[in-house]
Amino acid sequence: MIRWCCCWGWWVGVRAGTWAGRRGVRRVSGAPRHRLTLRQCDVFLNRIVRQHVRGKLPPRAESLLVEIPPLIQRCQRNGVAVLPHILSKLVKLVPSHSDAHRLADVALCVRTAVRDEFACLSGRDVAILLHSLAKTGSCDREFFDRAVARLVDGRQDAQLTDLTVTMWAAAHLGYRCDRLADVVARRMIADPGQMNARNVSLVVWAFAKLNVMHRDLFHAMAERASAIATKFDAQAISNTAWAYAVMRIHNDVLFDVLAGCAIAKVRSLAPQHVANASWAFATLSVRNGDLFAKLSHQATATIDLFTGQHLSNTAWAFAKLGLTDHDLFSAIGRASVAIIDTFDAQAFATTAWAFSSLNIEDADLFDVIGRRSADRIDAFNAASLATVANAYASLGIVHVDLFDAIARRSLGLIDSLTGHDLGNILWSFARLGLGGKHKDLFHSATSRLVSIVSTIQPPALTNLACAFTSAGMLRNDLAGDLLVQRAIVVISDFKPQDLSRMAWAISRCTAVNLDLFTVTLHRCVAIIDLFDAENLIKLIEALAPVAVMQREFLRRVAQRATNLLDTFSPGQLARIASTFSEARVAIDKSGASVAVKDAELFGEIQRRTVARCDEFLARDLSMLTFALASVCAIGDHALLDAVTNRVSVAPDTFSPPDLAQVAWAFAVADHTVPEEVVVLVKRVFASTPGLDAASRRLLQDWQVSLQEPRSAVIPCPMQDELASHDLLADVIHLLQQVCTSSSLEEGVSCPDTGFVVDVAIRDTRLAVEMNGACRFSQDIATGHLGLNGRTQLKHRLLRQHGWTVVNVNFHEWANLQDESDKARFLTERLPTAIGRCVHTT
């Protein structure tokens with residue numbers, strides 16, 4: 001009876017949540033007060049756990065943190081099995097920020113008591129113990145290994161859930177144990193059907209955290225996850241996606257299923273889940289538009305709950321996939337400014353890179369990142385320095401304090417900078433025009449290059465080449481020599497972007513390195529089918545103004561451009577047309593070169609321009625039209641009709657120079673323009689006194705083509721209208737022999753057109769034009785040479801005003817063997833009344 005009363009009194013006390021039970025026992029039994037056992041503590045803690053809301057530790061449980069360690073120290077072997085359960089409950093009750101030291105004391109006592117008594121624990125007990133110790137962070141490697149040995153080498157009574165929990169503990173503690181990983185993988189591959197959603201996510205997370213690659217396990221878990229995906233909660237979705245991304249395992253089926261789960265449960269995703277899921281999908285380049293739209297909406301709605309790392313990772317993910325969401329990035333910028341002091345160097349760099357990658361400039365954000373980064377510059381490593389510098393340079397943001405700090409920090413780290421970091425940093429300074437201010441950085445970088453140049457790969461090499469080129473050091477400096485020689489060695493590893501940037505560096509050198517130029521062109525031809533639209537345009541833009549290229553190279557480029565035209569934006573169509581019209585191709589061994597055109601490419605450009613005319617900016621439309629006209633590549637008048645309509649509908653969108661180019665193209669193609677457009681252009685012409693000389697000349701040529709008098713002011717002739725000096729002297733010498741008139745004059749200006757005639761006989765209005773290579777363009781597909789647009793317009797207008805035009809073309813003249821052939825050539829072309837027979841010897 002007494003024993004029953006004692007037990008009943010203690011149980012009532014437990015149910016009441018007080019120690020009155022023990023006191024009740026004493027009153028009922030009259031026996032002395034007995035000690036609380038560990039098993040009773042476990043029951044009592046279990047009751048508290050069920051009722052407790054996590055936060056402040058309940059006073060009754062708080063007293064146990066003091067009472068339990070002595071009990072553990074006195075516990076017998078048969079009481080060891082309850083210790084993991086007690087510790088597990090205390091871990092759930094004790095807040096992470098308070099009473100942690102007393103919880104650590106309990107954990108130490110538990111480890112000491114259990115260390116030599118693992119045989120008393122079941123597999124479940126060991127798993128619970130390791131999970132609890134991992135939570136407290138108080139588990140040494142020796143203890144962990146002995147516990148794992150109990151699981152994998154002992155009675156092997158651990159269930160799959162126990163192994164999963166143990167693997168999670170190992171990952172949380174950072175203890176890689178291949179023996180444990182092998183057992184876990186083997187058991188789970190053999191019977192994946194026992195794995196629930198939580199276990200699947202935990203085990204793949206643990207393997208990824210410890211960098212244990214087991215493809216069979218990841219494949220089996222992907223299949224299991226796909227089968228039970230509807231049971232995944234937000235944490236499981238986040239962990240699973242993160243794990244596969246870390247291990248770079250791209251499973252299309254799994255990520256489709258995870259995307260669907262995330263979309264369905266998007267409102268339950270916390271900031272960490274949004275950031276992790278975004279990062280994972282972006283890391284594997286899985287661009288699921290529906291998912292990221294939902295993630296963006298959820299992130300924007302909960303943005304004030306994001307930490308600095310969450311903000312930077314989310315921004316990075318959207319930027320990595322090229323997803324420009326202005327609302328999201330506006331929210332990220334605002335939230336980042338608010339908590340900028342919590343950012344570390346990596347978060348500064350990542351956030352800045354994300355915004356710059358999408359070309360989103362947030363003045364407030366970049367100002368505060370610049371100031372805080374400058375203040376904490378010593379916390380930046382080389383990679384973070386390079387990233388933040390590149391971000392500011394890409395957006396053209398000159399933050400003087402930041403770049404002064406970057407220069408100082410870079411000099412301090414100069415001996416540890418890799419080629420990649422050095423390239424990004426120097427390119428950033430050069431891009432912002434800060435190279436002159438920080439010459440010491442460039443000089444120190446040159447010394448660093450001597451020791452690392454053999455390790456530099458193409459992307460970093462092109463960055464360095466562009467940086468030293470901007471600083472005027474690529475050709476005449478040690479750095480330039482090192483980079484040129486390295487580029488020649490690794491040219492076979494260059495990708496399209498590297499080649500287009502190297503071409504830019506080459507084009508800016510005062511003296512082109514012919515070896516580098518040659519191997520660059522050969523590499524371009526070899527991988528021409530890998531070029532996208534932008535890199536192809538940049539390549540030609542870099543080379544066209546400074547280099548004479550081979551016809552085969554330009555032909556391959558034109559073919560690639562033609563194949564890519566459907567991917568070109570209107571602006572890119574204008575750029576490729578303009579750039580091609582400026583390129584020059586070598587036509588013989590003498591070094592003569594002519595402009596180029598490609599009938600197929602230019603024809604396709606015209607068709608697309610007509611179809612998309614309304615999408616073009618006025619500047620791009622005028623540039624494209626002018627370029628095609630300059631090489632006489634306007635096949636029919638459909639393009640000019642579309643341009644005419646655009647001018648009449650939206651004249652205010654065209655600047656005076658734009659209108660000048662369009663009007664000149666009309667003149668070259670002899671295109672009839674409606675009277676209202678003529679009046680409009682004339683009005684602009686008359687009301688723009690400050691119009692530049694080149695535009696004024698174009699407008700005047702157009703006005704002459706309308707059979708109207710020229711204005712009084714006639715500017716100097718354009719450079720490409722002048723005849724070749726050698727050709728001119730040779731032809732004049734023979735003209736004096738074969739021409740009956742003695743009134744030959746050089747450089748005669750036609751009063752009606754303003755054009756300068758190479759050689760003229762005024763009284764008979766004979767114009768002899770010595771057409772050098774600069775007046776021709778060549779179709780690179782057929783090789784046909786034809787006079788360019790400017791020359792054809794000149795000759796047509798001269799004829800309209802009564803001149804007889806005789807053409808002496810450079811390539812025909814060069815094929816004549818001697819003076820008698822040349823004299824006969826001239827005689828056959830001169831009008832009968834002017835020429836006379838030439839007797840050959």
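Axes are lines fitted to C-alpha atoms, for helices over the stretch in contact, and the angles between their N-to-C directions run from 0 to 180 degrees. In these terms, helix H35 (residues 656–668) and helix H39 (residues 789–800) of the predicted model pack at an angle of about 60 degrees, their axes lying 9 Å apart. H35 is therefore oblique to H39, and the crossing by which H35 passes H39 is left-handed. On the side of H35 the contact is formed by Trp 664, Ala 667 and Val 668, which meet Gly 789, Arg 790, Leu 793 and Arg 796 in H39. By class, the residues of this contact between H35 and H39 comprise four nonpolar, one polar and two charged.

H11 and helix H12 (residues 215–227) pack at an angle of about 150 degrees, with 10 Å between their axes. Because angles over 145 degrees count as roughly antiparallel, H11 is described as roughly antiparallel to H12. H11 passes H12 in a left-handed crossing, and Val 200, Val 203, Val 204, Phe 207 and Ala 208 in H11 meet Leu 217, Phe 218, Met 221, Arg 224 and Ala 225 in H12. Nine nonpolar residues, no polar residues and one charged residue make up the contact of H11 with H12.

Met 195 is placed in the loop between helix H10 (178–190) and helix H11 (197–209), and is buried, with a relative accessible area of 0%. When residues up to four places away in sequence are not counted, Met 195 touches Leu 160, Thr 164, Met 188, Val 200, Val 203, Met 221, Arg 224 and Ile 228. Met 195 and Thr 161, although 34 residues apart in sequence, are 7.7 Å apart in space, C-alpha to C-alpha.

In the protein as a whole, the secondary structure comes to 41 helices and nine strands, and buried residues make up 55% of the 841 residues. Among contacts between residues at least 6 apart in sequence, 72% join residues at least 24 apart. In soluble globular proteins, nonpolar side chains tend to be buried together. The largest nonpolar core holds 299 residues, of which Phe 144, Phe 207, Met 221, Ile 406, Phe 553 and Val 768 touch the most other members. Phe 553 touches Leu 521, Cys 524, Val 525, Leu 539, Ile 540 and Leu 543, not counting residues up to four places away in sequence.

Terms used
Residues are numbered from 1 along each chain as its sequence is written. This is a predicted model: local features need pLDDT of at least 70, side-chain atom pairs count only at pLDDT 80 or more; totals for chains, interfaces and linings use all residues. Side-chain values use heavy atoms; hydrogens and water are left out. Helices (H or I, at least four residues) and strands (E, at least two) are DSSP runs, numbered from the N terminus. Angles under 35 degrees count as roughly parallel, over 145 as roughly antiparallel, 65 to 115 as roughly perpendicular and the rest as oblique. A crossing is left-handed if the near helix is turned anticlockwise from the far one by less than a right angle, and right-handed if clockwise. Contact means heavy atoms within 4.5 Å. Ala, Val, Leu, Ile, Met, Phe, Trp, Tyr, Cys and Pro count as nonpolar, Asp, Glu, Lys and Arg as charged, and the others, Gly among them, as polar. A nonpolar core is a set of buried Ala, Val, Leu, Ile, Met, Phe, Trp, Tyr and Cys residues joined through side-chain atoms within 4.5 Å. Buried means under 20% relative accessible area, exposed over 50%, partly exposed in between (1.4 Å probe, protein chains only).
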